[in-house]
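User: Hello! I am new to this structure and would like to learn how to read it. Could you take me through some of its features?

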Amino acid sequence: MSRHQRGGRRISLFVTTWLFAIWLLLFANLNALTIIGGIIVALGVQLLFPLPHSGFIRNIHPWHTTILALRFLWDMVLAAVHVAVIVVTGRSYRCSLVRIPLRSDDEIIVAIVVAMTNLVPGTIVVSIDRDKSIIYLHVFDIDAQGGPDGVRATTRGQELRVLRAFGSREELKNRGITL
């Protein structure tokens, strides 16, 4: 079993392994004290700060996750070059705030979309309406992005890739999205 109930708290093999790996990266030293300490800290964190079970790991679709990662890296490179060219050349630009309704109301999906959007140079999410699944995005050089409609299409395309990579089969079916 990867999860065990202990006094109403969860211990997950995946989370324990992940926390232990982070511990080893922090110390970059493999000895008995580091190993034992890492295991104790990984288990202690889960006992002191339990997380609800999300089922997120079951919903990972490897092929679509690969597509998401590659497209995200491509978008980051293009955006970084675009911003650098404007800064170096001094070309004029216009910024704008764009309202983008999202398909999903799943908090994890919305959080991933927002995080990935914030990491792309020239864009930042300034507000999220969780009740209506709407994000408000500040965009650098809106004209080069195809105006507000271009930004909406790009962001919703990113959300679609996130849904295909991490959405549950039920959510994908409800949204009419095929894998």
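Analyst: Happy to. Let us begin with a pair of facing residues: Val98 stands opposite Leu137 in S5. This is a predicted model, in which local features need pLDDT of at least 70 and side-chain atom pairs count only at pLDDT 80 or more, while totals for chains, interfaces and linings use all residues. Residues are numbered from 1 along each chain as its sequence is written, and side-chain values use heavy atoms, with hydrogens and water left out.

User: How many bridges join S3 to S5, and which way do the strands run?

Analyst: Two strands pair if DSSP finds at least two bridges between them; strands (E, at least two residues) and helices (H or I, at least four) are DSSP runs, numbered from the N terminus. Here six bridges join S3 to S5, and the two run antiparallel. Ser96 faces Val139 of S5. Strand S4 (residues 123-129) is also joined to S5 by six bridges, again antiparallel, and Thr123 has Val139 as its bridge partner there. Four residues lie between the strands in the hairpin of S4 and S5, where Ser133 takes a positive phi near 55°.

User: What are the two faces of S3?

Analyst: In a regular strand the side chains alternate between the two faces of the sheet. In S3, Ser96, Val98 and Ile100 form the covered face, and Leu97, Arg99 and Pro101 the uncovered one.

User: Which residues touch the most other members of the largest nonpolar core?

Analyst: In soluble globular proteins, nonpolar side chains tend to be buried together. A nonpolar core is a set of buried Ala, Val, Leu, Ile, Met, Phe, Trp, Tyr and Cys residues joined through side-chain atoms within 4.5 Å; buried means under 20% relative accessible area, exposed over 50%, and partly exposed in between (1.4 Å probe, protein chains only). The largest core has 26 residues, and Ile100, Val151, Val162 and Phe166 touch the most other members. H3, S3, helix H4 (107-119), S5 and H5 each supply at least two residues of this core. Not counting residues up to four places away in sequence, Val151 touches Val98, Ile100, Leu137, Val139, Ile142 and Gln145, where contact means heavy atoms within 4.5 Å.

User: How many aromatic pairs are there?

Analyst: Rings of Phe, Tyr and Trp (its six-membered ring) pair if their centres lie within 6.5 Å; planes under 30 degrees apart count as stacked, over 60 as edge-to-face and the rest as tilted. A search of the whole structure finds two pairs. The ring centres of Trp23 and Phe27 are 4.6 Å apart with planes at 45°, so this pair is tilted. Both residues lie in helix H1 (residues 13-27), four residues apart, about one turn of the helix. Tyr93 and Phe140 form a tilted pair too, 4.3 Å centre to centre with 45° between the planes. Tyr93 sits in the loop between helix H3 (62-89) and strand S3 (96-101), and Phe140 in the loop between strand S5 (134-139) and helix H5 (147-166), so the pair ties together parts 47 residues apart in sequence.

User: Is Phe140 buried or exposed?

Analyst: Phe140 counts as buried, at 15% relative accessibility, whereas Tyr93 is partly exposed at 45%.

User: Finally, what does Val83 contact?

Analyst: Leaving aside neighbours within four places in sequence, Val83 is in contact with Pro121, Gly122 and Phe140. Val83 is found in helix H3 and counts as partly exposed at 21% relative accessibility.
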